[in-house]
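Keep the model open beside you as you read.

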Amino acid sequence: MLVVSACGAGSTDEPGGADISSGKRHVTLIAYATPKPGFDAIIPAFRKTEQGRDVGFYQSYGASGDQSRKVARRVPADVVNFSVEPDVTRLVKAGLVDENWKKAYPNNSTPFGSVVVLVVRKGNPKNIHTWNDLLRPGISVITPNPSSSGSAKWNLLAPYAAVSDGGKNRAAGLDYVRELVRDHVRVQPSSGRAATTAFEQGQGDVLISYENEAIMLARKNASAPASQRIDYVVPSTTFKIENPVAIVNTTENRSAAEDFVSYLFTPQAQRIWAQQGFRPVDKTVAAQTADLFPGTIDKLWTIKDLGSELGKGTAAKNKGKDLTGWKAVDSALFGTSGEITKIYDAGGKQ
């Protein structure tokens, strides 16, 4: 319970809310901040199933990188859900998650996802529609710091891929990120949820965020003060967000953890994800709920696309094989010597 209270999320987060901690079996879920509204609906639904009726939950939400490092330091956890794959890879290296975790569940153990969007003030007073609009003089942008936040990485990959044509013109992509960071990003919160809060409090003209965060904010418009009402723009070229889940192999509640993770991929859970603003990965449910996700996307870049380009020529340093996927992207852009890391370290200055 010390872990749970320290992270600020226990059996219930709402005064008078349902107690979800009771049960003969227990699951401690440690996740990045953004999917909390989804899990708030998913967990009670799971507890109504035959498999979940005797499972209690403790939860912790925070910046993805911080949460991953916490588990790597042996903070107790049964199930993890992170913003980016490298945060799971950290636990593989620590011996806490099996190497074949991606094959354990459908869709590379990714039960839901989203796309990168632009959240603007109601009425879009700054007329923001494209990635290039963020670089107009005087535009202030809110996006988290990629050193702690997985959502920050997705947020930056979207314009990087759009401007660089999926990494083919790396210099153009990096020039864009450099100008964005140097001239327009004034606030760098630690997580996607903290960035949303900063925007709600009146900071910035534009929030780069997950579509599900934008949907959540838009649903508040009717009851929100005028200053907190928003619109959001889905750029015609953007990036697919994939948020993996894994079971921690030190769990003492493996059967409960497996039942819960399996449930996340069921049609019932997939519909709940969609209702909470997250894009389902089940193709049938995705087709049935497509009207919940307005906007036209002409080009949706993926980690696979970008990794295949950024990994070219890396074989000599990687046992004869070019890096792919997140390994290629992290090495080129976000690792200790990654190009975007260098940009942030220099404050966008060359």
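1. A word on the basis. This is a predicted model, in which local features need pLDDT of at least 70 and side-chain atom pairs count only at pLDDT 80 or more, while totals for chains, interfaces and linings use all residues. Residues are numbered from 1 along each chain as its sequence is written, and side-chain values use heavy atoms, with hydrogens and water left out.

2. Start with strand β4, residues 112–121. Helices (H or I, at least four residues) and strands (E, at least two) are DSSP runs, numbered from the N terminus. Of the 10 residues in β4, 10 are buried (under 20% relative accessible area, with exposed meaning over 50% and partly exposed in between, for a 1.4 Å probe and protein chains only).

3. Which strands does β4 pair with? Pairing requires that DSSP finds at least two bridges between two strands. β4 runs antiparallel to β7 (residues 206–210), with five bridges, and to β8 (residues 230–233), with four. L118 is a handy landmark here: this residue stands opposite I208 in β7 and has V233 as its bridge partner in β8.

4. Next, look for an open sheet of four strands in the order β2-β1-β3-β10, with mixed pairing. Its edge strands, each pairing on one side only, are β2 (55–62) and β10 (245–247). From one strand to the next the twist averages 20 degrees. β3 (residues 79–81) and β10 run antiparallel and are joined by three bridges; within that pair, N81 is opposite V245.

5. What packs on this sheet? Helix α3 (residues 64–72) does, touching β1 (25–32), β2 and β3, and its direction makes about 125 degrees with that of β2. Contact here means heavy atoms within 4.5 Å.

6. Two packed helices are described by the angle between their axes and the distance between the axes. Axes are lines fitted to C-alpha atoms, for helices over the stretch in contact, and angles run from 0 to 180 degrees between N-to-C directions. For α6 (residues 150–164) and α7 (residues 170–183), the axes come within 7 Å and cross at roughly 135 degrees. α6 is therefore oblique to α7 (under 35 degrees is roughly parallel, over 145 roughly antiparallel, 65 to 115 roughly perpendicular, and the rest oblique).

7. Among the residues in contact are L156 and Y160 of α6 and L174 and V177 of α7. The contact comprises nine nonpolar, two polar and one charged residue (Ala, Val, Leu, Ile, Met, Phe, Trp, Tyr, Cys and Pro are nonpolar, Asp, Glu, Lys and Arg charged, and the others, Gly among them, polar).

8. Finally, visit α13 (residues 303–310) and α14 (residues 325–334), whose axes come within 7 Å and cross at roughly 60 degrees. This angle makes α13 oblique to α14, and the crossing is left-handed. The contact includes I303 and L306 of α13 and W326 and V329 of α14. By class, eight of its residues are nonpolar, two are polar and none is charged.

Definitions and conventions:
Left-handed = near helix turned anticlockwise from the far one by under 90°.
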